[in-house]
Amino acid sequence: MRRVGDAATIAQRLPVLRQAFLRVPLLRRLIEAPIFAQFVKFGLVGVSNTVLTFVVFTILTKGFGVFYVLASGIGFAVGALNGFLLNRNWTFQGHQGGSLASLRWTIVQACGLGADLGIIYLCVHSAGMPELAGQAVATIFVTVATFFVNRTWTFRMHLTAEDLPRAH
């Protein structure tokens with residue numbers, strides 16, 4: 001028996017939801033903007049990075065008894081490498097960023113990790129938010145920030161009028 005929240009049910013509803021969004025002029029302009037498609041790809045790559053990081057972490061800690069902090073660092077590095085390759089070849093395809101792109105990517109990832117840790121700390125310890133809520137805030141901020149930094153610096157793509165939603 002299928003529940004309302006099952007992945008298959010959600011996947012079946014996506015075209016219907018997209019059509020509903022396309023009926024709202026502002027949402028339609030946003031969805032049809034080229035930068036939106038890149039942001040969705042960037043998010044999908046991020047999901048794959050997270051899954052890969054957790055798989056590596058689990059294999060190293062449970063399968064090989066590696067110290068969890070070291071396993072986390074190795075998992076993060078594997079996820080970051082995956083993210084670089086997928087974003088370079090898919091999300092920002094055709095905009096390689098030159099020979100320094102991998103160094104720029106590493107810098108952005110390190111800054112993103114630092115920002116993530118700082119934001120979650122502030123949310124939990126200063127604002128009194130639950131840990132999961134703090135992580136959600138940090139993830140949203142870091143995802144948006146790293147998307148634009150990677151787009152404009154790592155892979156050297158600059159916003160054009162064509163990228164932005166058009167007003168009609």
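In the predicted model, helix α3 (residues 34-64) packs alongside helix α4 (residues 68-91), their axes coming within 8 Å of each other and crossing at roughly 150°. Because angles over 145 degrees count as roughly antiparallel, α3 and α4 are roughly antiparallel to each other. The crossing of these two helices, α3 and α4, is right-handed, and the residues of their contact divide into 14 nonpolar, 12 polar and 1 charged.

Both helices also take part in the lining of the largest pocket, to which α3, α4, α5 (101-126) and α6 (131-154) each give two or more residues. The space in this pocket amounts to about 970 Å³, and of the 28 residues that line it, Gly 46, Asn 49, Thr 50, Phe 76 and Asp 116 are the closest to its centre. Helix α3 supplies the largest share of the lining, with 10 residues. When the lining of the largest pocket is divided by class, 13 residues are nonpolar, 14 are polar and 1 is charged.

As to the confidence of the prediction, the pLDDT averages 82 over the chain, and 78% of the residues score at least 70. Among the elements of the chain, the highest mean pLDDT, 92, belongs to α5, one of the helices named above as contributing to the pocket lining, whereas helix α1 (residues 7-22) has the lowest, with a mean of 64. Where pLDDT is low, the predicted coordinates should not be read in detail.

Methods. Residues are numbered from 1 along each chain as its sequence is written. This is a predicted model: local features need pLDDT of at least 70, side-chain atom pairs count only at pLDDT 80 or more; totals for chains, interfaces and linings use all residues. Side-chain values use heavy atoms; hydrogens and water are left out. Axes are lines fitted to C-alpha atoms, for helices over the stretch in contact, and angles run from 0 to 180 degrees between N-to-C directions. Helices (H or I, at least four residues) and strands (E, at least two) are DSSP runs, numbered from the N terminus. Angles under 35 degrees count as roughly parallel, over 145 as roughly antiparallel, 65 to 115 as roughly perpendicular and the rest as oblique. A crossing is left-handed if the near helix is turned anticlockwise from the far one by less than a right angle, and right-handed if clockwise. Ala, Val, Leu, Ile, Met, Phe, Trp, Tyr, Cys and Pro count as nonpolar, Asp, Glu, Lys and Arg as charged, and the others, Gly among them, as polar. On a 1 Å grid over the protein atoms alone, a cavity is a set of points where a 1.4 Å probe fits but cannot get out, and a pocket is an open set with protein on both sides within 12 Å along at least five of seven lines; lining residues have an atom within 4 Å of a point. Grid points are joined across faces, edges and corners, and a volume is the space filled by probe spheres set on the points. pLDDT is the predictor's confidence in each residue, from 0 to 100.
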